[in-house]
Structure formats: C-alpha cells, structure tokens
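Thanks for coming, everyone. I have one structure to show you today. Please take a look at it before I start talking.

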Amino acid sequence: MATLLTSSALLSAATKITASTSTSSSSSPVHKTLIKPHLPAPKPLSSSLAAAAAASLLILSSPSPSLADPSFQIYYGTAASAANYGGYGGNSNKKDSAEYTYEVPEGWKERLVSKVEKGTNGTDSEFFNPRKRSEREYLTFLGGIRALAPVDAVLGNLALSDVGLQDQIAGADSVRSDERRDDNGQVYYAYEVEGAGAHSLISVTCVRNKLYAHFVTAPNPEWNRDQETLRRLHESFKTIDPSASSS
C-alpha cells in the first residue's frame with residue numbers, strides 16, 4: 001500500500017511539474033520566434049563588389065589635383081639689361097618696373113639667369129618643372145627692334161641665338177603660326193613647333209623698341225600629360241606698361 005501511495009504521489013508530482021513547466025513556458029515571451037523585425041533585404045554580394053570596383057576605378061582614373069586644377073602665380077619680368085641685372089641701377093621691386101608677365105605653375109622652380117647668358121642670347125627669366133627640367137618656360141628679349149618682321153621670318157631669326165630651337169625646327173613634323181591682337185591692338189605672333197621628341201609654343205611681340213619672345217617647351221611625354229597647363233602658360237604671356245603699373 002505504501003508503494004502504491006508513493007507511486008501515486010510521484011505521478012501527481014510529475015503531473016504538477018509538467019503543468020508548471022507548461023505554464024512557465026507559455027507565460028515567457030519568445031521574441032525571437034514570434035516577433036521578426038522588418039529589415040531591408042541585404043544586397044547581393046555580386047552587386048556590392050561591382051559597386052566597390054566602380055568606385056575604385058573612378059579613384060584610379062581621376063587625374064592628379066596638381067595637374068587637373070593646378071595653382072598658378074604671376075611672374076613679373078623687367079627685361080633689364082645685363083648691366084642693370086640683379087637690381088643694380090634700377091628699382092628692386094619687379095612688379096613696379098615690370099615690362100611683361102606670365103603665369104607659372106605652383107611648384108615650378110626658377111633658374112637663375114647669369115649676366116653672361118642675359119648679354120649673349122637675351123634670356124631674362126626661366127622656370128622649370130623639377131620633375132622634368134626640360135619641361136620649362138622662359139623669356140628672351142632683344143632691344144633696338146622697332147617693329148615685328150613678317151611672321152615667317154621672325155621664327156628663323158629667333159633660332160639664330162637658340163641652338164635647341166634650331167634643331168627642333170629642323171626636325172619638326174609641323175610648324176604652325178598665327179597672328180592675333182590684344183585689346184590695345186598690339187600684335188602677337190604665335191608659333192607651335194611639333195617635333196619628334198619635343199613640343200614648343202612660342203609667343204612673340206614688339207613694343208617700346210624691344211622684341212619679347214616667350215617659350216613653353218616640353219618633351220613629348222610631358223606634353224601629352226600636361227598639354228592643357230602648358231597651353232595656359234603660353235596664352236598667359238603679355239607685355240605691360242611699367243609707367244601704368246607704377247601709377
């Protein structure tokens with residue numbers, strides 16, 4: 001009889017435990033299975049990789065900021081004689097006594113022109129790209145010239161004092177020339193010399209009994225890379241009246 005009572009008690013206890021477990025389970029919230037948050041479906045892996053690849057391609061194909069949108073400074077040249085070179089016998093403030101201006105890309109270096117060079121071939125100023133010294137711009141001048149010769153004759157006369165220009169013209173694939181006038185009616189000759197190894201842009205004008213020639217030249221690889229900037233330098237050259245700039 002005791003055994004029967006024990007079994008009955010055990011059965012009753014088991015029934016209570018099962019009921020208690022059932023009640024406890026049903027009263028506990030099961031959020032993970034009953035409530036599912038509505039999230040946007042994830043993008044397929046292939047589209048994500050394609051987007052990343054496209055972004056990388058844009059970054060790699062974008063031009064360097066220094067070439068796409070470089071900064072420029074204005075150079076003021078005095079075209080002083082060799083005797084007055086270095087500030088002797090004249091105003092040391094170039095801007096007040098400048099006879100011409102042109103733009104120079106930020107980062108380019110100025111080459112110091114010697115008195116001998118100024119006296120022999122008339123070089124007044126020069127700047128170059130430190131990454132490639134042969135990519136440069138410079139200006140020469142010659143006094144005692146009252147007016148420009150015919151456009152075809154001027155380039156040949158310039159080459160007489162510039163051996164590099166002589167060689168480039170001799171081996172050029174093409175030489176083009178043009179003539180323009182500024183707002184004041186001053187005449188400028190423009191030349192483009194396209195050679196097998198280098199490309200040059202030259203602008204020539206004559207005012208106040210001086211002939212000014214501005215050169216922009218570069219080896220062909222640099223020309224192909226920086227053509228837009230180099231053309232801007234070429235077009236930036238102009239002469240100015242020193243008396244007007246100092247007034």
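I'll go from the whole chain to its core, then to a few strands, helices and residues.

First, a caution: this is a predicted model.

Let's start with the overall picture. The protein chain has 247 residues, and 32% of them are buried. Its secondary structure comes to 10 helices and 10 strands. The accessible surface is about 15,500 Å², and carbon and sulfur atoms hold 58% of that. Now take the contacts with a separation of 6 or more. Of these, 57% link residues 24 or more positions apart.

Next, the inside. The largest nonpolar core has 19 residues. Which of them touch the most other members? They are Y100, Y102, L139, Y212, L230 and F237. At least two residues come from each of β2 (100–105), β5 (132–143), β8 (198–207), β9 (210–219) and α9 (220–236). There is also a second, separate core of 15 residues. L158, V193, V204 and L211 are among its members.

Stay with Y212 for a moment. Leave out residues up to four places away in sequence. Y212 then touches A79, E99, Y100, L139, T140, F141, S203, V204, T205, V207, F237 and T239.

Is β2 enclosed or open? Six of its six residues are buried, so the rest of the structure largely encloses β2.

What pairs with β2? Strand β1, residues 72–77, runs antiparallel to β2 and is joined to it by six bridges. Within that pairing, G77 stands opposite Y100. Strand β10, residues 238–239, also pairs with β2 in the antiparallel sense, over two bridges. There, the bridge partner of Y100 is T239. Recall that T239 is also one of the residues that Y212 touches.

Is T140 buried or exposed? Its relative accessible area is 13%, which is under the 20% cut-off, so T140 is buried. What surrounds T140? Setting aside neighbours within four places in sequence, T140 is in contact with N121, G122, T123, D124, L211, Y212, A213 and F215. L211 in that list belongs to the second core.

Over to helix α9, where we find H234. H234 is buried too, because its relative accessible area of 12% is under 20%. Beyond residues up to four places away in sequence, H234 touches A190, L201, I202, S203, H214 and V216. How far is H234 from T217? In sequence, the two are 17 residues apart. In space, they are 9.6 Å apart, C-alpha to C-alpha.

Last stop: a pair of helices. Helix α7 covers residues 151–159 and helix α8 covers residues 163–170. They pack at an angle of about 130 degrees, with their axes 7 Å apart. The two helices are therefore oblique to each other. Who meets whom? On the α7 side, we have L155, L158 and A159. On the α8 side, we have V163, L165, Q166 and I169.

Methods:
Residues are numbered from 1 along each chain as its sequence is written. This is a predicted model: local features need pLDDT of at least 70, side-chain atom pairs count only at pLDDT 80 or more; totals for chains, interfaces and linings use all residues. Side-chain values use heavy atoms; hydrogens and water are left out. A nonpolar core is a set of buried Ala, Val, Leu, Ile, Met, Phe, Trp, Tyr and Cys residues joined through side-chain atoms within 4.5 Å. Buried means under 20% relative accessible area, exposed over 50%, partly exposed in between (1.4 Å probe, protein chains only). Helices (H or I, at least four residues) and strands (E, at least two) are DSSP runs, numbered from the N terminus. Contact means heavy atoms within 4.5 Å. Two strands pair if DSSP finds at least two bridges between them. Accessible areas come from the Shrake-Rupley method with a 1.4 Å probe; for residues, only the protein chains shown count as cover. Axes are lines fitted to C-alpha atoms, for helices over the stretch in contact, and angles run from 0 to 180 degrees between N-to-C directions. Angles under 35 degrees count as roughly parallel, over 145 as roughly antiparallel, 65 to 115 as roughly perpendicular and the rest as oblique.
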